[in-house]
Amino acid sequence: MAPNVAIVEDDLALRAGLSRGLREEGFEVSLSVTSGTALLHGLDDSPPDAFVIDIGLPDVDGRDLCLALRARGVHAPVLLLTARGGVTDRLSGFHAGADDYLPKPFHFEELVLRLRALMRRGGRAANPPSSLHLDLAAHEARHEGRGIALTPTEFRLLAALLAHRGEVVRRHSLIAAAWPSGAIVHDNTLDAYVVRLRRKLAGIDQSSVITTVRGVGYSVA
C-alpha cells in the first residue's frame, strides 16, 4: 500500500508541485489543503502516515497545528516547512511535537528522503481520543457542546498536556511548548497558568483533571 501523506501549504504553486511530485514518487496524497482548519476538518478516523505542514499558514501557526494534532492523539510524523531557519524556530517546532524541519527553499529530493526516513522511524502509538476537543481557529476547548475561550498560551499548554495524556509532562517541556523560545518563564508563572486552566476546565469537563506531580510537572487524565 502506498504511504499516505497530508500537505498543508498556502502557496498554491508549491502545494500543487508537492502533491504532483509526491504522487510521482509513489505516495498517496489524501489531503492537500491551504489552512490548518481545513486539515482538522478533513481528518477522519484513519489519519495519514505523515504530514507536511508549512509553519506560516494564513489561519494558524503550523506549530500550533502540530500541537493540536498531538492533542487529538495523532502521532504520525510531521515535517515542518518554513522560510525561517533559525535555531530558535527549529527548537520551537520540535517542542510542538514536530519530527523534522526543512527550511525553504529546499530540494524536492531532500523532502522525499526525509519523509521516507520519518515513515521508517514511525510515530508514537495514538492515544485514545480525549473527551475534550480543541478548536484551533477559535482557540477554544469544547466538551459536549460547551466551550471555553483560551488564550494562545493556555491553548498551547493544554494541547501539550493532552498530547501526552496519562503521562507526566515535565515543567521545562510545558514551558517550551507554551511560550516562545527564549522567553523567561518563572516556575510560578507556569503554576498560575495551570490554576487558570483548571478553573476553566472545571466549568465544562469534570473528567479532564490536571494533576500536579511535585518537583516534576503535570499530567491530565
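Which residue in β2 is the bridge partner of A6? The partner is L31. The model is predicted, so local features need pLDDT of at least 70 and side-chain atom pairs count only at pLDDT 80 or more, while totals for chains, interfaces and linings use all residues. Residues are numbered from 1 along each chain as its sequence is written, and side-chain values use heavy atoms, with hydrogens and water left out.

The sheet is open and holds five strands. Their order is β2-β1-β3-β4-β5, and the pairing is parallel. Strands (E, at least two residues) and helices (H or I, at least four) are DSSP runs, numbered from the N terminus. Two strands pair if DSSP finds at least two bridges between them. β2 (28-33) and β5 (100-103) each have a single partner strand, so one side of each lacks a neighbour in the sheet. From one strand to the next, the twist averages 20 degrees.

Strand β1 covers residues 4-8 and is joined to β2 by five bridges. Four bridges join β1 to β3. Here A6 stands opposite F51. β3 and β4 also pair over four bridges, with F51 opposite V78.

Helix α1 (residues 12-24) lies across β1, β2 and β4 (78-82). It runs at about 175 degrees to β2. Helix α3 (residues 62-71) touches β1, β3 (50-54) and β4, and its direction makes about 150 degrees with that of β3. Axes are lines fitted to C-alpha atoms, for helices over the stretch in contact, and angles run from 0 to 180 degrees between N-to-C directions. β3, α3 and β4 make a right-handed β-α-β unit: with the strands pointing away from the viewer, the path from the first strand over the helix to the second runs clockwise.

In β3, five of five residues are buried, that is, under 20% relative accessible area (1.4 Å probe, protein chains only). A50, V52 and D54 point one way, and F51 and I53 the other. F51 touches A6, L39 and V78, among others, not counting residues up to four places away in sequence. Contact means heavy atoms within 4.5 Å.

A nonpolar core is a set of buried Ala, Val, Leu, Ile, Met, Phe, Trp, Tyr and Cys residues joined through side-chain atoms within 4.5 Å. The largest has 54 residues. L39, F51, I53, L65 and L158 touch the most other members. Helix α6 (residues 152-163) gives the most to this core, with seven residues. Another core, of 16 residues, lies apart from it and includes A50 and L18.

How values were computed: Buried < 20%, exposed > 50% of the residue type's maximum accessible area, 1.4 Å probe, protein only.
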